[in-house]
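Student: Please take one part of this model and look at it closely. I would like to know how its chains meet, and what else stands out along the way.

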Amino acid sequence: MSADGRTSEAGGRTSEAGGVVKAKRSIAARITGAVSGGLLRVFLLVVGVLWLVPTIGLALSSLRDPADISASGWWKVFTVPSQLTLENYSHLLQDETITNSLLSTATITIPATLLVVVIGSLAGYAFAWMEFPGRDWWFLGVVGLLVVPVQVALLPVSKLFGTIGIFETTLGVIVFHVAFGLPFAIFLLRNFFAEIPRELLEAARLDGAGELRLFLRVVMPLGGPAIASLGIFQFLWVWNDMLVALIFADSKNPPITVALQQQVRHFGDNVSILAPGAFISMVIPLAVFFAFQRQFVSGVMAGAVK
Amino acid sequence: MTSATAGDAAQVSPAAQTRKSVTGTRKRMAVAFLLPALVLLGALVVYPIGYSLYRSFFDKSGDFTGFGNYVELFTDDTILTAIRNNAIWLVLAPTISTALGLIFAVLTERIRWGTAFKLLVFMPMAISMLAAGIIFRLVYEQDPDRGALNAVWVGVHDTFAESSAFPKAHPGQESPLKPGGKGSFVTRTTVEAGVPVALPLLGVPKEQMPQEAAPAKAAAAVPGKVTGTAWQDFTLGKGVGERNAPDTSESGYPGITVEAVKGGKVVESTRAAANGTFTLSGKADGAQLRFPASNFREPYNGVDWLGSEQAVPFLGVNFVTLSVILSYVWMWAGFAMVLIAAGLAAVPRELLEAARVDGANEWQVFRRVTVPLLAPVLAVVLVTLMINVLKIFDLVFIIAPGDVRDDANVLALQLYNSFVDRDSGVASAIAVLLFLLVIPVMAVNVRRLRKEVRR
């Protein structure tokens, strides 16, 4: 995180220097520059449109009635705008499987995010500021777990959960997501906490703060940016997950990804359900993404090996 | 989390060297702070590795089988397809994503709306692979009237290859035309200059008739030239009218190709006007007129993007795998771009300018200065994406239609299938294989961090 700050500063400084050199360039170079600059803009514009079109296709498909969808492509709405209708959405929002699954997704995502933050912070603090034998070795062990594929755990954990009676329950999904979110959480938070100036902790200590108080009143507030990154990252990760839910979720109360996945099998005549369903499932992640781009990017930068 | 960023993020401040507890922690306190995390990690992450390894030596019903499951991995056709496809994924998806990310990062640097562009390309990272899968299911639909990609593809194809406007047209009863072989139709008799010819056809549905079609008109006689009309000798609700003569209620065949053939050779060729009339020069005098087969070809229907046909000959890459890989690139090129852009921001501008002053053109600067300086970042991006691709599941599961899912198979999907089929032995063996493949990265991560941590 702090590394990002530093690099962008450096970028700012050096581009100023670049500006000075640029001003000395010949007129001919400037003309070729302008032409290629124009081509560059056109190219990027085309790529940008290309990147956007699939999502627009989904959005417009979700706004057409089933008969229109099967008769023609979504681009038809540009010539026949009257095809646009919110009916698919009103149908979908009256459908209890969909509304329940959205609720189920939230019920899984929110605790899974909060728990990772809490448990990860505790461990991160312990690895950063507590003394115990083999501290750094334990931490390296956790770092090693960063890249363990979730697939490795599917079968063993399903047996384990079966034994303790939380297989195919919402609790099971939450616990699984917390466990697999922890290596990244601990890694990120430990590194962030370790950079907190020692003087701050000592000052608090002199004021008579105990370990828990130190953690809650000094470390957690100072760790805000890292915790935000982690929280957003984990939130999106869990919200968007399908595989873990497919195996561990209560099949009578599945999250939205699993509910929609069941529809995909009959892809074709149900685009009027799938398209708005997919769109609804995207609304919250996209809102989170646009509201917290910065934190999301730094979370991704800190690592996306998951 | 990634190998090199792991190292970068662990910037060691001076404080780290004195990171001794300020409280003189009691061990019991440390245990309390760590216990929840260690219990979860131990039970749900570490223990499964051991269990999978153990279970992989037993077969479906739980009898010891040694390396039997591993042998099955490399002999079973479906699983072999998964391994091969995973290899294709590992080669294509990270490199294409990284290459695009590099191009975008470099090109957007000097554009004012570069940030907006980056945001747009990065956005798919926020959505689920399920949603992305549904998005691309729509894109890849085969029917060019519904699937966007085939709509564009067919449009481009028809611009360069002649499209046929009258796929179902054919001569009616008592027609002056007869089949001319290979789907063409030819006049029974030769034509004469100055005598208008009637070339009636049937069978084009009204909604498929080209929009520019105008009411058919009998061609006027022109001395020294062969004239005629090609039209649909039928009107819905009115029948044929006067057989083999154009009525105004009937429609011309705009743009239909008419050839004059003498002794098997085409001496002249023209296209009909909107009202179906056409004119050939005197050269056509005494020739037979022919509608070449190109007028009647079935329309080009685009590519079966989600089919199992080979997309790249010899390499064993089929269309469905390639298509799913492209949807992955759509999702992850933004990730590569953002990491590379951050790396780029740290590249000293002076170096690039120095190269330019020395007379290097932009390509040389890119190739000889920018890329080498970015090499560490590129490596991190590639490795991260490879680890990610190794576990690819959702996109294949959603995009590949049921009947080609085996052709699009990948290891993670096979593991899921084996799991659902209760073949715990094979599922565990695949899990172990996946785990073995990430061990090198794990080792690099730990090594890099060890130096930082222990300082």
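Tutor: Start with what a contact is. Two residues are in contact if their C-beta atoms, placed from the backbone, lie within 7 Å. Keep in mind that this is a predicted model.

Now take the place where the two chains meet. Chain A brings 102 residues to the contact, and chain B brings 96. On the chain B side, helix H3 (residues 27-55) gives the most, with 17 residues. By class, the side of chain B that touches chain A holds 66 nonpolar, 16 polar and 14 charged residues.

An unreviewed UniProt entry lists "transmembrane region" for residues 29-50, 87-107, 119-140, 328-348, 369-390 and 425-446 of chain B. Check two of these spans against the model. Residues 29-50 of chain B are 100% helix and 0% strand. The end C-alpha atoms of that span lie 29 Å apart. Residues 328-348 of chain B are 86% helix, again with 0% strand. Here the end C-alpha atoms are 32 Å apart.

Next, a contact inside one chain. Chain A is divided into domain 1 (2-89) and domain 2 (95-302). Twelve residues of domain 1 of chain A are in contact with ten residues of domain 2 of chain A. On the domain 1 side, helices H1 (2-23), H2 (27-62), H3 (66-71) and H4 (87-94) of chain A each supply at least two residues. The largest share, four residues, comes from H2(A). This side of domain 1 of chain A has five nonpolar, five polar and two charged residues.

Finally, look at the backbone in two loops. Most residues other than glycine have a negative phi. Glu168(A) has a positive phi, near 60 degrees, and is not a glycine. Glu168(A) sits in the loop between helix H7 (151-164) and helix H8 (170-193) of chain A. Is Glu168(A) buried, exposed or partly exposed? Count its neighbours. Glu168(A) has 17 C-beta neighbours inside 10 Å, so it counts as partly exposed.

Arg422(B) also has a positive phi, about 60 degrees, although it is not a glycine. Find Arg422(B) in the loop between helix H13 (411-420) and helix H14 (424-453) of chain B.

Key
Residues numbered from 1 in each chain as written. Chains lettered and ligands numbered in written order. Predicted model: local features only at pLDDT ≥ 70, side-chain atom pairs only at ≥ 80, totals over all residues. Domains from an automatic or database assignment. Nonpolar A, V, L, I, M, F, W, Y, C, P; charged D, E, K, R; others polar. Buried ≥ 20, exposed ≤ 12 C-beta atoms within 10 Å, placed from the backbone. UniProt positions renumbered as here; feature names shortened; annotations may be inferred.
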